[in-house]
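I opened my notebook today to go over a new model.

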Amino acid sequence: MSQKAQGFSFKVLTINTHKGFTSFNRRFILPELREAVRATSADIVFLQEVMGTHAVHPLHVENWPDTPHYEFLADTMWNDFAYGRNAVYPEGHHGNAVLSRFPIIDYENRDISVAGTEKRGVLHCRLQLPEQDQILHVMCVHLGLRDAHRHAQMKMMCEMIDALPADAPLVVAGDFNDWQTRANKMLKRCANLDEVFSYKSGRPARTFPARFPVLRLDRIYVRNASASHPRALPMRPWSHLSDHAPLAVEIHL
């Protein structure tokens with residue numbers, strides 16, 4: 001993966017939104033999170049643990065939006081958005097979402113859950129970039145907590161990627177829960193993915209917990225693209241808006 005800017009460029013941000021609450025659900029901060037996300041000027045935003053609907057929270061949580069959280073975050077800045085429902089419970093559901101300044105041609109939410117565990121998914125979107133012949137593929141990911149489950153889920157991801165055109169530009173981002181840092185080797189081998197922070201500094205960025213990041217849980221991978229200026233954003237306001245530090249990078253095609 002070269003870091004040299006080539007042609008078309010765009011900015012990417014990924015963040016686990018923790019359903020719009022601070023750590024331990026002490027305070028609802030979705031409106032503040034929206035302002036922080038907007039301030040990054042990202043062209044494509046990958047969201048994990050974003051709330052779709054909830055029947056109880058609107059009754060007692062101040063400032064709870066009338067729209068799904070991903071739509072509230074998109075507001076007027078990202079015209080297109082897609083949502084993949086993963087975890088479903090009696091009160092509502094949450095999952096992954098992609099916000100995009102570029103048209104989303106279509107999307108699919110692929111169930112990669114392992115039997116008997118929490119539901120997990122990969123939200124795959126095809127984006128039409130301005131004045132570009134190629135379609136950009138993006139995948140928003142949230143993997144499981146156990147190593148064996150993550151291994152099985154990444155194998156399913158690789159099968160998805162293998163079905164894409166070999167020369168198609170691809171960005172895969174999200175919460176990999178890969179505290180043992182084993183994903184890079186597997187995803188390079190089975191899908192030829194390069195992790196943008198590892199290319200620069202030899203290992204993924206520390207993102208968890210956001211106030212004092214120790215674990216390297218979140219990732220941005222690319223294929224048929226290059227990247228520059230990867231940044232983790234652990235300082236305020238981010239450190240009190242999620243338990244994960246967001247990651248940002250500029251992608252070049």
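Surface came first: I noted that the model is a predicted one, and that the chain has an accessible surface of about 11500 Å². Carbon and sulfur atoms own 50% of that surface.

Next I checked the make-up of the fold. I found six helices and 12 strands in the chain. The radius of gyration is 17 Å, close to the 18 Å from the globule rule for 253 residues, so the chain is as compact as a globular protein of that length. I also took the span of the C-alpha trace along its principal axes, about 50 × 40 × 35 Å.

Then I turned to packing. Of the 253 residues, 57% count as buried. Among contacts with a separation of 6 or more, 70% join residues 24 or more positions apart.

The chain carries 29 positive and 27 negative charges, and their mean positions lie 8 Å apart.

Last, I picked helix α5, which covers residues 183–191. Which of its residues are buried? I listed Ala183, Met186, Leu187 and Ala191. They cover an arc of only 95° around the axis, which puts them on the same side of α5.

Terms used
Residues numbered from 1 in each chain as written. Predicted model: local features only at pLDDT ≥ 70, side-chain atom pairs only at ≥ 80, totals over all residues. Heavy atoms only, no water. Helix = DSSP H or I, 4+ residues; strand = E, 2+ residues; numbered from the N terminus. Rg over C-alpha atoms; globule rule 2.2 N^0.38 Å. Buried < 20%, exposed > 50% of the residue type's maximum accessible area, 1.4 Å probe, protein only. Contact = heavy atoms within 4.5 Å. Areas by Shrake-Rupley, 256 points an atom, 1.4 Å probe, with all protein chains shown as cover. Lys, Arg positive; Asp, Glu negative; His and termini not counted. Charge placed at Lys NZ, Arg CZ, Asp CG, Glu CD. Arc of directions from axis to C-beta.
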